[in-house]
Amino acid sequence: DHFGNAKGTFKQRYCLYDKFHYDATDSGFAAHAGAPGPLFFYCGNESPLEVYVNNTGLMWEMGNEFGALLVWVEHRYEPLSHPDVCGANSPRRCLAYCTS
């Protein structure tokens, strides 16, 4: 619970890439017909979304090899994925929510 007792939501940026995504059996997995292929999920680090989407070669290489759906999610305290749980004029209180 990163918001204490506060209720609400915030916009979070993400990137999906589905050009490699195939049925599991088409990707070489023993699965029932029509089962979706794997999903590779990258939890964002403390960089903007574009930085790690464009610099995570392993995701791209393995996603292509295994027929995976690729998903990256920006860390919640990057500039464009930032919850406003403390109000615009109270940055000191928001430091309590900065975790790694």
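## Start with W72

Leave out the residues up to four places away in sequence, and W72 still touches R13, Y14, C15, Y17, Y42, L49, Y52, V53, T56, M59 and W60. Contact here means heavy atoms within 4.5 Å. This is a predicted model, where local features need pLDDT of at least 70, side-chain atom pairs count only at pLDDT 80 or more, and totals for chains, interfaces and linings use all residues. Residues are numbered from 1 along each chain as its sequence is written, and side-chain values use heavy atoms, with hydrogens and water left out.

W72 is also part of the largest nonpolar core, a set of 8 residues that includes F20, L49, Y52, V53, M59, A68 and L70 as well. For a nonpolar core, take buried Ala, Val, Leu, Ile, Met, Phe, Trp, Tyr and Cys residues joined through side-chain atoms within 4.5 Å. Two elements, α1 (49–53) and β3 (69–73), each supply at least two residues of this core, and α1 gives the most, with 3 residues. As a general rule, nonpolar side chains tend to be buried together in soluble globular proteins.

## The overall layout

The protein has 3 helices and 3 strands, running β-β-α-α-β-α from the N terminus on. Both kinds of element are DSSP runs numbered from the N terminus: helices are H or I with at least four residues, strands are E with at least two.

Of the 100 residues, 33% count as buried; the cut-offs for relative accessible area are under 20% for buried, over 50% for exposed and partly exposed in between (1.4 Å probe, protein chains only). The protein exposes about 7,000 Å², and carbon and sulfur atoms supply 56% of that. Those areas come from the Shrake-Rupley method with a 1.4 Å probe, and for residues only the protein chains shown count as cover. Among contacts with a separation of 6 or more, residues 24 or more positions apart account for 62%.

## The sheet

The 3 strands form an open sheet in the order β1-β3-β2, with mixed pairing. β1 and β2 stand at the edges with a single partner strand each, so one side of each has no neighbour in the sheet. Two strands pair if DSSP finds at least two bridges between them. β2 and β3 run parallel and are joined by 5 bridges; F41, for one, has V71 in β3 as its bridge partner.

L69 lies in strand β3 and counts as buried at 19% relative accessibility. L69 and L39 are 30 residues apart in sequence, yet 4.6 Å apart in space, C-alpha to C-alpha. Setting aside neighbours within four places in sequence, L69 is in contact with Y17, D18, H21, P38, L39 and F40.

## Salt bridges around R13

The model has 2 salt bridges, counted when a side-chain nitrogen of Lys or Arg is within 4 Å of a carboxyl oxygen of Asp or Glu. One pairs E50 with R13, with the closest N and O atoms 2.9 Å apart. E50 lies in helix α1 and R13 in the segment before β1, so this pair ties together parts 37 residues apart in sequence.

E74 also forms a salt bridge with R13, again with the closest N and O atoms 2.9 Å apart. E74 lies in the loop between β3 and α3 (91–94), so this pair ties together parts 61 residues apart in sequence. Shared partners join R13, E50 and E74 into one network. As for burial, E74 is buried at a relative accessible area of 1%, whereas E50 is partly exposed at 41% and R13 is partly exposed at 21%.
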